[in-house]
Amino acid sequence: MAGPPRIEIRSSPHLHEAVSVDMIMRHVVYALLPICVFAVYLFGLSAAALIVTVLGACLLTEHLFNRFAQKPNSLGDFSAVITGLLLALTLPPGFPLWMGATAGVIAIALGKVVFGGLGQNVFNPALVGRAFAQAAFPVAITSWSPALAPGRFDTLLPSTLTPPFMLPAAASAAPGTVVDAVSSATPLTLQKFDHVTTNTVDLFTGMTGGSTGETAALLILLCGAYLALRRMLDWRIPAGMLGSAAALAGVFHLADPAKYPDPLFTLFSGGLMLGAVFMATDVVASPLTPRGVWIYGILIGVLTVLIRLFGGLPEGVMYAILIGNAASPLIAVLTQPRAFGEVKRRKPT
């Protein structure tokens with residue numbers, strides 16, 4: 001005889017989608033792969049070696065921390081893969097491999113593990129590694145290689161094989177090097193210090209010097225559109241970030257066209273596009289409220305332009321996103337939507 005119907009009460013959430021975190025992370029990796037391929041085409045073997053080295057350092061660091069902490073292997077969630085790829089794409093193509101590996105270790109250790117692992121990080125782990133590299137290796141991280149250089153698929157740049165704890169300048173004269181070390185200014189550096197503006201078409205298509213994976217604005221937009229169409233990216237964050245940066249840059253450009261770049265240059269140069277699509281949208285380090293994501297994106301866009309125009313460095317995306325990450329919890333608290341049925345209490349007259 002059947003008994004009374006049983007009612008099983010479980011804790012929330014009661015509704016969930018079929019999309020898992022692992023699946024989202026995997027599709028982000030898919031979106032990053034074309035950018036990595038284009039970076040290798042643009043800068044050659046040095047870019048490939050840098051991507052592989054930084055990625056390997058991130059995966060090994062995560063594996064060792066899991067093993068020492070006796071935690072399950074988390075490499076299958078692809079979060080360390082994303083951190084490694086993003087960090088490598090923000091570094092110069094000729095960045096010494098030992099420096100890139102060190103930055104990868106710091107990205108996982110201080111950007112992710114120290115906060116408790118996936119879902120607990122306050123800042124984007126890749127940008128934590130990038131900020132460390134900026135502070136620890138200021139010369140190497142501002143040494144750039146030209147795009148589409150002859151012989152880029154035949155040999156590595158000498159700076160790539162700099163021995164550990166040595167500076168790239170010392171390695172450029174080391175025996176066995178075939179290609180001389182070549183430095184070139186990025187479009188942001190040329191504009192800021194020499195007031196020379198790079199052709200907009202070259203910027204949009206990525207045929208310029210710069211960080212390994214930050215130059216291809218068009219390709220980054222297409223990869224971001226793929227994630228947005230699959231609802232694996234909150235399009236409002238890059239829209240707010242890019243829109244506010246373009247608007248503020250336009251105001252300054254109208255005030256003094258000879259001194260300040262136009263909005264298109266601001267959008268397509270440096271790491272703004274890569275940061276807007278793949279870094280500011282980190283679901284852990286960004287707010288989730290409807291108004292919060294707009295405020296968060298606009299804040300990062302405004303800070304990027306202000307740092308670029310009035311800061312000591314030509315680039316400002318990294319610092320702007322890290323500041324946005326720090327402000328994210330406050331933005332989330334201040335923009336919490338009203339609960340269903342809640343009535344705002346009126347102040348007594």
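Predicted model: local features only at pLDDT ≥ 70, side-chain atom pairs only at ≥ 80, totals over all residues.
Reader: How is a cavity told from a pocket?

Author: On a 1 Å grid over the protein atoms alone, a cavity is a set of points where a 1.4 Å probe fits but cannot get out; a pocket is an open set with protein on both sides within 12 Å along at least five of seven lines; lining residues have an atom within 4 Å of a point. Grid points are joined across faces, edges and corners, and a volume is the space filled by probe spheres set on the points.

Reader: Which helices each supply at least two residues of the largest cavity's lining?

Author: Helices (H or I, at least four residues) are DSSP runs, numbered from the N terminus. Those helices are helix 7 (187-194), helix 11 (263-268) and helix 13 (290-310). The lining includes L188, F265 and R308.

Reader: What is the volume of the largest pocket, and which residues are closest to its centre?

Author: The largest pocket holds about 1100 Å³ of space. Of its 38 lining residues, I24, M232, L233, T281 and V283 are closest to the centre.

Reader: How many residues line the second largest pocket, and which element gives the largest share?

Author: The second largest pocket has a volume of about 500 Å³. It is lined by 34 residues, with R130, W144, L188, S211 and E315 nearest its centre. Helix 7 gives the largest share, four residues.

Reader: Is T90 buried or exposed?

Author: Buried means under 20% relative accessible area, exposed over 50%, partly exposed in between (1.4 Å probe, protein chains only). T90 is buried, at 3%, and is found in the loop between helix 3 and helix 4 (97-111).

Reader: What is T90 in contact with, beyond its neighbours within four places in sequence?

Author: Contact means heavy atoms within 4.5 Å. On that basis T90 is in contact with R130, S211, E214, L274 and M279. The side chain of T90 also reaches the backbone oxygen of L87 at 2.7 Å.

Methods. Residues numbered from 1 in each chain as written. Heavy atoms only, no water. Polar contact = N/O pair within 3.5 Å; in protein donor to acceptor, adjacent residues only side chain to side chain.
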